[in-house]
Amino acid sequence: MLQAIDVSFARGGSPLFSRLSCTIHAGQKVALVGRNGVGKSTLFQLFLGELHPDAGEIRVPAHWQMAHMAQQVDASDRPLLEYVQDGHERLRAVEQRIRVLEQRIRSAEEQGDEASDAALELARLHGVYADIGGYEAEARAAEIANGLGFTSADFGKPFNAFSGGWRIRASLARALMCPADLLLLDEPTNHLDLDTTLWLENWLQRFRGTLILIAHDREFLDAVADHVLHLHDGVADGYRGNYSSFERQRAEALMLQQAVFEKQQAEIRHIQSFIDRFRAKASKARQVQSRIKALERMQSVAPVYAESPYRFAFTDPEKVSNPLLVLDDVAIGYGDRPVLSGIRRSILPGARIGVLGANGAGKSTLLKCLVGALPPLAGSVVRGQHSRIGYFAQHQLESLRAERPALAQLLDAHPQQREQWARDYLGRWGFSGAQVDRPVGTYSGGEKARLALALIALTRPALLVLDEPTNHLDLDMREALGLALQDYAGALLLVSHDRSLLKRTVDELWLVENGRVTTYADDLDSYTLTRRADSGRSAPRHERREERRAAAEQRQRQKPLRDRIRACEREMEKLEKRLTAVESRLADPDVYHSLPAAELDALLAEAGRLRRALGEAEEAWLEASAELESLMGSAEGG
């Protein structure tokens, strides 16, 4: 087992850990969680031996082989597949020893000498080579690289030919290649899309060693971790179960702190007011349901987020065109090569669209066309007069002026505002004190992402286009972002591997696949089930077959409930239209004087009947939704 015993450690004279102790047993999959700056990455470095405690002791079994995902990687001209295989250090050492012995034997033969000892050692090493998977190493490396989004055309390219995000993926592949007893992964999903995230989930679920994981993706942690180690106030507390279980257990303790709990009540009332206001509107049904779920979770774990430093909103648009955007038989690509074609899509005011698709399918290409950064090769893109777009993508972080502080950049964009307003605004996004006066070039990736989002939020966009906005963001910021997007009145188009954020903020899914953009008829859970089964291709054949069978059975069990939910939604929409028409007539004072008494009574009775029918349809919808959620929860638990 791995142990930290009374560990103390300080950085720059400031204590980070104070008599921290924890024990991690072999085979456990541990999520290392805590606010930014509590020392999660530092604890990794202590486990790896890259740092040494000021006091106390780190104990790692001497026979354990360790692997970790390097965040900073040196340029190399090694071909990708060779670079990945280099992660199996013992294999490389055996290969090197075999080459030395073969050269010695050849030299001895040329000189007419015997090399029997070398020949015996060579035979033994070939046995070792087979035992440690040497003959399957290249195929295994290819499976891992392919699972993380590389294609066979990439395998021979030199490592330094790839961009920064792809180098991080290669570093992850290299770590997974190592047959480790202890695997340490720091933010492995930051540069992955949803499909590759699901592949990594499957891989880690089958990993037989001990795993310590830092990540800010709630559903990823829930799927992989079976224990949680929470760092706070210089110490570590251990919890059994996944991340959601940790939240519940910690919430129970924090609920005793009434003052902390009360800070969350205003937020609960705000969400409840939305539910009460729109509960009967079929057009808002999914958004209401997402808020009901958010409220249920908030009421059980409210104190976990009561200390969050983030309290912000996206400013609603002043004017909105209808439609905002229309794509008519559009083809998009580079040069004369189309990536996507035949696109016929409209984005209406208030749309909440999530974009799905495998890596390389063309999601980012689609977004670039929508925001005007990539003109269509064919067809037309018609933009409404009032369709201002707020666009967030990772490459835009580089457009922030590195030498200018956040405060100065905000005032540059809003020169009519006073400095105190700017400080208060940035404070709601988690920038406080002297931090707003530091050059942006000194900020972390997460801080730059927050600043970019803060600047976009004030532009009053009619359409927010967000391409992987949660990369580098911590759990508190993701929670706050989800709440802000729920309240935003404009349209939203979102690409994200964070399923929790997608579930809470979108109610329509587009699928980018095989050069087309289509509406995904089912929901995100169905997509996840299908892709998770597909991503199990690196598992043994019988496991893949079983996964596909289980996924098919699960979809079959869920289908009647999904059909019932869609039928209820159609019925609610029909009833709401009829009720609106009747209520509009009843809202006209002249009706009460011009209609005969019998017709007026019939109209009033019709309004009452429609209200009752709408309430019954909503109850049926809520009941079916709860059954579906329960069924999906039992499937995930199993």
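Let's start with strand E6 (residues 182-186), which runs parallel to strand E7, with five bridges joining the two. This is a predicted model: local features need pLDDT of at least 70, side-chain atom pairs count only at pLDDT 80 or more, and totals for chains, interfaces and linings use all residues. Residues are numbered from 1 along each chain as its sequence is written, and side-chain values use heavy atoms, with hydrogens and water left out.

A word on terms. Helices (H or I, at least four residues) and strands (E, at least two) are DSSP runs, numbered from the N terminus. Two strands pair if DSSP finds at least two bridges between them.

Back to E7. Leu 183 stands opposite Leu 211 of E7. Strand E3 (residues 29-33) also runs parallel to E7, joined by three bridges. There, Lys 29 is opposite Leu 211.

How many of the residues of strand E7 are buried? Five of the five residues of E7 (210-214) are, so the strand is largely enclosed by the rest of the structure. Buried means under 20% relative accessible area, exposed over 50%, partly exposed in between, with a 1.4 Å probe and protein chains only. Both faces of E7 are covered: Thr 210, Ile 212 and Ile 214 on one side, Leu 211 and Leu 213 on the other.

Now Gln 28. It sits in the loop between E2 and E3. At 14% relative accessibility, Gln 28 counts as buried. Its contacts (heavy atoms within 4.5 Å) include Thr 210 and Leu 211, as well as Asp 226. The side chain of Gln 28 also makes a polar contact with the side chain of His 227, at 3.4 Å. A polar contact is a pair of N or O atoms within 3.5 Å; within protein, one must be able to donate a hydrogen and the other to accept it, and residues adjacent in sequence count only if both atoms are side-chain atoms.

Next, a sheet. It is open, has three strands in the order E2-E1-E4, and pairs antiparallel. Its edge strands are E2 (14-24) and E4 (55-59), each pairing on one side only. Strand E1 (residues 2-11) pairs with E2 over seven bridges. Gln 3 has Thr 23 of E2 as its bridge partner.

On to the helices. The axes of H7 (residues 194-206) and H19 (residues 524-534) come within 9 Å and cross at roughly 55°. Axes are lines fitted to C-alpha atoms, for helices over the stretch in contact, and angles run from 0 to 180 degrees between N-to-C directions. The contact involves Leu 198 and Glu 201 of H7, among others, and residues of H19 including Tyr 527 and Arg 531.

H19 itself is mostly covered, with eight of its 11 residues buried. Among them are Leu 524, Tyr 527 and Arg 531. Asp 523 caps the N-terminal end of H19, with a side-chain oxygen 3.3 Å from the backbone nitrogen of Asp 525.

Last stop, Arg 352. Is Arg 352 buried or exposed? At 3% relative accessibility, Arg 352 counts as buried. It belongs to strand E12 (residues 352-356). The side chain of Arg 352 reaches the backbone oxygen of Gly 490 at 3.2 Å. Arg 352 and Ala 491 are 139 residues apart along the chain, yet their C-alpha atoms are separated by 5.9 Å. Arg 352 also touches Gln 287, Asp 507 and Glu 508, among others.

Key. Lists of a residue's contacts leave out its neighbours within four places in sequence.
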